[in-house]
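Please work through the exercises below with the sequence and the coordinates at hand. Each task is followed by a worked solution.

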Amino acid sequence: MTAAPTRTGPSRLEVVVTPDAAAASAHVAELLAAAVEAGAAVALSGGSTPRRAYEQAAELVPDWGGVEVWLADERCVPPGDPRSNLRLVEESVLARLEVAPRLHPVATQLVPEEAAARYDAELRAVGLPQLVLLGLGPDGHTASLFPGMPSLAVDDRLAVASEAGMEPLVPRVSLTLPAIGRAAQVVFLVTGEGKAEVVRRAFAAAPSLEVPASLARSATGATVVVLDRAAAARL
Ligand code: 6PG
């Protein structure tokens with residue numbers, strides 16, 4: 001594994017390249033487990049990549065009793081729907097725990113704007129996540145912040161409703177860029193050769209509204225990008 005700090009100072013970007021997807025998941029699981037042990041509030045993303053890391057984090061630390069768990073984004077579908085990020089977290093994390101965290105689902109039964117307003121209010125009342133775990137879509141999106149969408153410009157709210165820029169094409173609720181930026185640790189998990197070019201655009205090119213992940217950075221802490229060798233091929 002290689003760790004190459006590409007920026008230093010109060011806000012750091014660290015790129016960690018692991019040999020394969022299993023090692024990338026294991027690395028992220030350790031970061032997540034350490035945050036949970038420290039009692040940090042965490043926000044988890046959906047998608048297919050993080051499932052194994054979530055399972056391993058729950059196996060490493062089965063007591064999440066002291067922790068608030070948020071969703072970095074949610075698809076506005078009923079809770080049991082296979083596309084639901086809540087369902088992913090329930091299956092991969094909650095089902096493995098001895099002590100459950102305080103989980104903050106998005107109120108997907110409401111219209112997305114109302115669900116986002118309610119999530120924003122809850123985040124303000126309870127406190128923002130200190131670790132935000134993100135993925136990277138092939139179009140450069142992260143959480144549910146899609147290229148060129150108005151949600152990228154929102155700077156006075158912590159959660160926002162957004163249209164989906166790609167499948168599944170259902171309305172979304174997402175943390176905003178400022179909410180993500182206030183986390184002490186922003187962790188990306190990205191694997192596979194199919195993501196190599198978008199990884200380059202997100203982490204080794206100028207920040208751009210066309211690549212929302214290039215704008216998702218911890219403002220004062222660390223942004224840690226955990227990749228397998230295939231995803232890092234164009235860095
Ligand atoms: C979502 C996600 C999204 C995801 C990326 C990567 O709910 O859709 O939070 O931002 O992280 O699309 O998804 P994969 O891991 O499936 O490639």
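The model is predicted, so local features need pLDDT of at least 70 and side-chain atom pairs count only at pLDDT 80 or more, while totals for chains, interfaces and linings use all residues. Residues are numbered from 1 along each chain as its sequence is written, and side-chain values use heavy atoms, with hydrogens and water left out.

**Exercise 1.** Identify side chains whose polar atoms lie 2.4 Å or 2.8 Å from an oxygen atom of the ligand, and state how much of the ligand the protein covers.

Solution. Apply the polar-contact criterion, a pair of N or O atoms within 3.5 Å. Thr-49 places a polar side-chain atom 2.4 Å from a ligand oxygen. For Arg-75 the distance is 2.8 Å, and for Lys-195 it is 2.8 Å. Then consider cover: of the 410 Å² of accessible area that the ligand has on its own, the protein covers 89% (Shrake-Rupley method, 1.4 Å probe).

**Exercise 2.** Locate the partners of the salt bridge made by Arg-96 and explain what the pair ties together.

Solution. A salt bridge requires a side-chain nitrogen of Lys or Arg within 4 Å of a carboxyl oxygen of Asp or Glu; the whole structure has 14. Arg-96 meets Glu-55 at 3.7 Å, N to O. Arg-96 lies in the loop between α3 (85-92) and β6 (102-104) and Glu-55 in helix α2 (residues 51-60), so the pair ties together parts 41 residues apart in sequence. Helices (H or I, at least four residues) and strands (E, at least two) are DSSP runs, numbered from the N terminus.

**Exercise 3.** Where do Pro-168 and Ala-143 lie, and what backbone geometry is found there?

Solution. Pro-168 belongs to the loop between β8 (159-162) and β9 (172-175). A cis peptide bond joins Glu-167 to Pro-168, with omega about -10°. Ala-143 sits in the loop between β7 (131-134) and β8. Although not a glycine, Ala-143 has a positive phi of about 45°.

Definitions and conventions. Polar contact = N/O pair within 3.5 Å; in protein donor to acceptor, adjacent residues only side chain to side chain.
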